[in-house]
Amino acid sequence: MQKLLFLGDEAIAQGAIDGGISGFYAYPGTPSTEIMEYAQKSKEVAQKGIQCKWSTNEKTAMESAIGMSYTGKRAMVQMKHVGMNVAADAFLNSAITGVNGGLIVVAADDPSMHSSQNEQDSRFYGDFALVPILEPSNQQEAYEMAKNGFEISEKFNVPVVLRITTRLAHSRAGVSLGDKKEQLKIKLPKDPRQFVLLPAIARRNYKKLLEMQTSIQQASNDSSYNKYIDGNNKKIGVVACGISFNYLMENFDGECPYPVVKVSQYPIPENHIQKLRQECESILVLEDGYPFVEKQLRGFFDEGIKIMGRLDGSLPRDGELNPNIVAKALDINIVEGVDIPEVVKMRPPSLCQGCGHRDVYNALNIALEDYEPGRVFADIGCYTLGALPPFNAINSCVDMGASITMAVGAADAGLVPAVAVIGDSTFTHSGMTGLLEAVIKNSPILVLISDNFTTGMTGGQDSAAKDRIVDICKGLGVDPKHLRTLVPLRKHHEENLAIIKEELAYKGLSVVVAQRECIQTVIRSRKKMGKNK
Amino acid sequence: MKKDIILAGVGGQGILTIAAIIGSSAINKNLYLKQAEVHGMSQRGGDVQSNLRISDKPIYSDLITKGHADMIISVEPMESLRYLPFLKKDGYLITNTVPFKNIPNYPEDEEIYAAIDKLPNKIALDAEQIAKDLGNVRSSNVVVLGAATPFLGFAIEELEGGIKSLFGKKGDELVEMNIKALHAGYEFAKEKIK
């Protein structure tokens with residue numbers, strides 16, 4: 001059968017479609033974005049009427065998916081690792097409600113922080129919620145797990161975490177597709193109060209979840225995704241989680257001399273690990289992300305068998321793994337190529353030529369020359385690149401929506417005026433509630449919403465804020481006299497500078513909305529128009 | 001047959017088009033393939049690379065081991081040098097010579113050309129000029145692919161097939177343009193390695 005060339009993300013989307021999904025829910029976030037994008041481009045998804053519109057943020061996505069699960073239909077929610085923090089309240093409680101239709105939560109981790117502010121490991125969330133975690137080692141497994149994950153979820157009455165990392169999400173390989181399952185029909189929960197987490201019901205549900213743990217553990221022990229592969233050299237036994245299995249095998253051309261436990265379903269398969277411990281003199285744990293498995297194997301006293309991994313320095317404590325790092329841990333000598341010549345300079349990402357954020361920062365920087373520096377709280381998006389030269393314009397980037405509320409807090413402390421810079425999509429994701437707070441306090445801050453009509457950094461997805469920003473601000477109670485708009489173009493520089501200066505001088509809350517379409521989406525729609533001619 | 005290829009460039013320069021043409025050609029030949037790409041923040045004018053691995057046997061790692069790449073194909077000269085630790089001792093470096101200068105401390109062109117010149121196996125060509133002469137500067141990345149053709153383990157007709165699979169839907173004109181670009185790069189490289 002002809003294999004199809006899929007990104008890991010695309011394999012997950014097609015797996016979910018073939019597994020009978022009725023709704024994809026997500027907010028864009030690298031490296032998870034392409035799952036939803038694949039669904040949106042799929043003719044099959046359109047024909048089957050599968051929901052695939054972007055959500056406003058990860059929490060709303062998670063809740064909508066729980067709602068679909070409640071009806072008895074299968075749903076998937078996809079997000080980058082830090083999105084799990086936004087969705088955490090809904091996610092953790094969905095383990096207590098349990099599911100009706102199968103529910104898969106895809107958490108795309110970003111070890112090495114290619115496009116993120118941390119490298120948190122979502123396996124801890126799965127463990128925290130007491131639910132099974134699937135971690136594919138390749139694109140084919142990603143497809144299978146997305147397809148079969150719904151049944152695992154339904155069988156154990158819990159959401160299932162499908163944990164991937166950037167490397168798998170954004171790497172292509174051939175995938176063979178299997179049969180297709182039909183979508184389920186609406187069939188509400190037998191117990192009408194299953195999803196009502198009043199303490200009395202929650203206590204009962206929680207006990208059920210705890211009782212289910214034995215079966216969830218047994219499923220890991222029996223899982224075909226977990227394997228014990230024997231080897232002759234018992235000096236080391238290797239535990240290889242997710243894609244680290246590939247880096248191990250790469251070094252031995254598929255013939256590893258050491259016994260290996262391949263882990264792709266959690267909780268950790270006790271049977272295989274016990275056997276490895278009995279057979280081998282020491283254990284090497286390979287895992288992308290935090291030492292999640294390694295810590296569990298060591299325990300508090302760490303007095304048993306010698307364990308090597310990220311905690312004892314056999315592997316680096318941070319960053320993603322690769323074949324060279326694994327080779328080093330196994331004392332395999334690799335002859336590298338020549339060093340990078342000194343003439344090669346760093347080339348960090350930068351704002352596009354012609355981008356409106358550039359004009360925003362050009363004006364803001366001059367307007368702020370009258371004040372002491374260090375008062376600009378920014379947010380997450382392309383405009384975070386304003387931190388780099390030549391702009392050096394911002395002083396913070398913490399989490400989605402933090403710009404406005406950090407400015408409120410700084411102003412409370414007396415740093416006046418404080419400035420918040422936030423994009424349109426980030427504003428509707430998590431900025432609106434913060435702005436309401438600023439309205440109520442009439443905080444002496446300037447909120448600069450750099451509105452480019454799209455979710456730019458992740459590739460130009462629809463923004464929930466499109467054509468709504470000014471109305472939202474009015475609705476939240478921003479004083480119309482201090483709710484200004486401008487067009488960030490060089491030719492309007494003087495005028496824009498004057499507006500920003502005036503609002504900086506105002507001793508209350510002002511909002512300035514800079515409105516100009518993202519240069520990338522402009523180029524894309526021009527190309528499309530050219531083609532249609 | 002096994003080829004480990006590093007594709008290099010700056011976000012937006014179109015290295016993924018090169019990867020997709022080689023990828024389609026490999027799939028048409030029923031070879032195994034893995035291709036790791038960079039999406040997200042670095043695509044905004046930062047350095048980007050793609051690890052492309054092709055083999056007639058199953059491939060494990062999505063990433064190429066340092067010292068194991070058969071070639072580096074780059075659409076930008078400074079970027080071609082960034083991945084030298086990955087290149088085999090006898091590996092080939094194929095690069096466009098036209099710099100993309102979006103950083104203030106971009107080195108002198110001559111310094112970069114000197115570093116490329118030190119390597120034992122290299123093909124350096126002004127792919128933009130060649131593409132311009134053919135009438136479409138935007139196919140310069142395919143000119144670079146053409147220059148890599150002698151080392152790829154594919155017949156040029158197989159890569160033409162890859163171009164047809166990839167651009168077929170977008171019209172014959174684009175297919176023809178890219179095939180011309182492929183041949184121009186190929187001829188340049190053949191002349192160099194004579």
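Guide: Among contacts in chain A between residues at least 6 apart in sequence, what percentage join residues at least 24 apart? The value is 78%, with two residues in contact if their C-beta atoms, placed from the backbone, lie within 7 Å. Bear in mind that this is a predicted model, in which local features need pLDDT of at least 70 and side-chain atom pairs count only at pLDDT 80 or more, while totals for chains, interfaces and linings use all residues. Residues are numbered from 1 along each chain as its sequence is written, and chains are lettered from A and ligands numbered from 1 in the order in which they are written.

Chain A holds 19 helices and 18 strands, which are DSSP runs numbered from the N terminus (helices H or I, at least four residues; strands E, at least two). Its C-alpha atoms fill a box of roughly 75 × 65 × 60 Å along the principal axes.

Now to the part you asked for: 40 residues of chain A are in contact with 41 residues of chain B. Strand 7 (171-175), helix 10 (244-251) and helix 13 (323-329) of chain A each supply at least two residues of the side that touches chain B.

Strand 7 of chain A also runs antiparallel to strand 2 (residues 32-36) of chain B, joined by 3 bridges; strands pair if DSSP finds at least two bridges between them. Within that pairing, A:Ser171 has B:Ala36 as its bridge partner.
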